[in-house]
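My entries follow in the order I took them.

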Amino acid sequence: MTPRTRTGARALALTGVAALALTACSAVGGGADDASGGPSGSADAGTVTLVTHESFALAEGLLEQFEEESGLTVEVVQQADAGALANQLVLTKDAPLGDVVYGLDTTFATRALDEGVVVPAEVTAPAAEDAAAYAVEGDDEGALTAIDYSDVCMNVDSTWFAAQGVPEPTTLESLLDPAYRDLVVVPDPVTSSPGLAFLLATVGAYGEDGWTGYWAGLRDNGLKVASGWEEAYYTDFTAGGGDGPRPVVLSYASSPPFTVPEGGTEPTTRALLDTCFRQVEYAGVLAGAENPEGAAQLIDFLLSDAVQADIPTSMYVYPVSSAVELPEEWARWAPLAEEPFEVPAADIDAHREEWLTQWSDTVVG
């Protein structure tokens, strides 16, 4: 397995360009109907359309089981990235793309709320109580429900550093050391959700007056900016399988377990837990949904024990439910940051466009 893909399309917040192209997937599942008119004897509850990002994945059979038990047919419409997802939902809010959205994250959740893209729904799954701990600040009506979370962190190729006899970096500040010149690659925050999360980590670490200076230091130390996480990890990273030249990459705290080589006993990479920003993903019923009842059922499904237990191995993030057991290797090799950098949701909402512009001016020129 590999860490989850997080590529993206250029954020509308910076470019103001027209809507991004949409990828629509065919109906998923849909068991054989019987005489009652619904799958496996259930009443036909119609179709519910899930709008999500390209990283959405569940173990084979889970979605089909939901369809069989609910009588719903699920169609999936995918965008490349959380940023592209949010932008598309805003652009189409008067003619929504579907009934329910999954994958709006910390970096864009407030935009969806401000634009009225999502509406409150009655979520009845037991894990809803756990999800409430990750509620978006200011979302008093509960229009967004937390489903999972992760820490976006710098990762290092420990095997490369050992072979070169170079100490591994440990902190944000250490990445400015000349010893790491031309060794670091990050995805563009304008085109990548984890890239934007890392930008926010630097805002949290250095403040509004200092973060651009930090990025200028990275730039001067040979930073490479990739268009998305996939390019950074699989092409530029030395441990990404593409024989890349850079042993320091932005990824996730949950990435190292997936670098244990066949027959090996430990990962070849490590997450730098002093560089992290916590990213929560949310689901919500879309305003104007044709099937809001089915949308609420699907959110309950995403919070079910079966899906929450599947999330670590299918989407490589942490479930919000406290009732499910994490894979054993996560406790050993995918610990969360004890003190991730934080930026208040209101500040993200107020300054996102400004910060992206400042980043581009500083790093790209």
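Axes are lines fitted to C-alpha atoms, for helices over the stretch in contact, and angles run from 0 to 180 degrees between N-to-C directions. Helices (H or I, at least four residues) and strands (E, at least two) are DSSP runs, numbered from the N terminus.

Entry on the source. I note that this is a predicted model, in which local features need pLDDT of at least 70 and side-chain atom pairs count only at pLDDT 80 or more, while totals for chains, interfaces and linings use all residues. Residues are numbered from 1 along each chain as its sequence is written, and side-chain values use heavy atoms, with hydrogens and water left out.

Entry on H7 and H13. I looked up helix H7 (residues 193–206) against helix H13 (residues 345–364) and found an angle of about 100°, with the axes 11 Å apart. H7 and H13 are therefore roughly perpendicular to each other. On the H7 side, Leu 196, Leu 199, Leu 200 and Val 203 make the contact (heavy atoms within 4.5 Å); on the H13 side, Ile 348, Arg 352, Trp 355, Leu 356 and Trp 359 do. Sorted by class, the contact has eight nonpolar, no polar and one charged residues. For these classes, Ala, Val, Leu, Ile, Met, Phe, Trp, Tyr, Cys and Pro count as nonpolar, Asp, Glu, Lys and Arg as charged, and the others, Gly among them, as polar.

Entry on the whole protein. I count 13 helices and 12 strands. Of the 365 residues, 54% are buried; buried means under 20% relative accessible area, exposed over 50%, partly exposed in between (1.4 Å probe, protein chains only). Of the contacts with a separation of 6 or more, 78% join residues 24 or more positions apart.

Entry on confidence. Where pLDDT is low, the predicted coordinates should not be read in detail.

Entry on H11. In helix H11 (residues 305–315) I list as buried Val 307, Gln 308, Asp 310, Ile 311, Pro 312, Ser 314 and Met 315. Their cover includes helix H2 (62–70), strand E4 (100–105) and helix H12 (328–333). Tyr 316 follows H11 and sits in the loop between H11 and E12.

Entry on positive phi. Tyr 316 is not a glycine, and its phi is positive, near 60°; at 14% relative accessibility Tyr 316 is buried. Asp 243, also not a glycine, has a positive phi of about 55°. Asp 243 lies in the loop between helix H9 (229–236) and strand E9 (248–252) and is exposed, at 73% relative accessible area.

Entry on two sites. Ala 296 lies in helix H10 and is buried at 12%. Beyond four places in sequence, Ala 296 contacts Ala 121, Glu 122 and Val 285. Val 119, in strand E5 (residues 118–119), is partly exposed at 30%.

Key:
Parallel < 35°, antiparallel > 145°, perpendicular 65-115°, else oblique.
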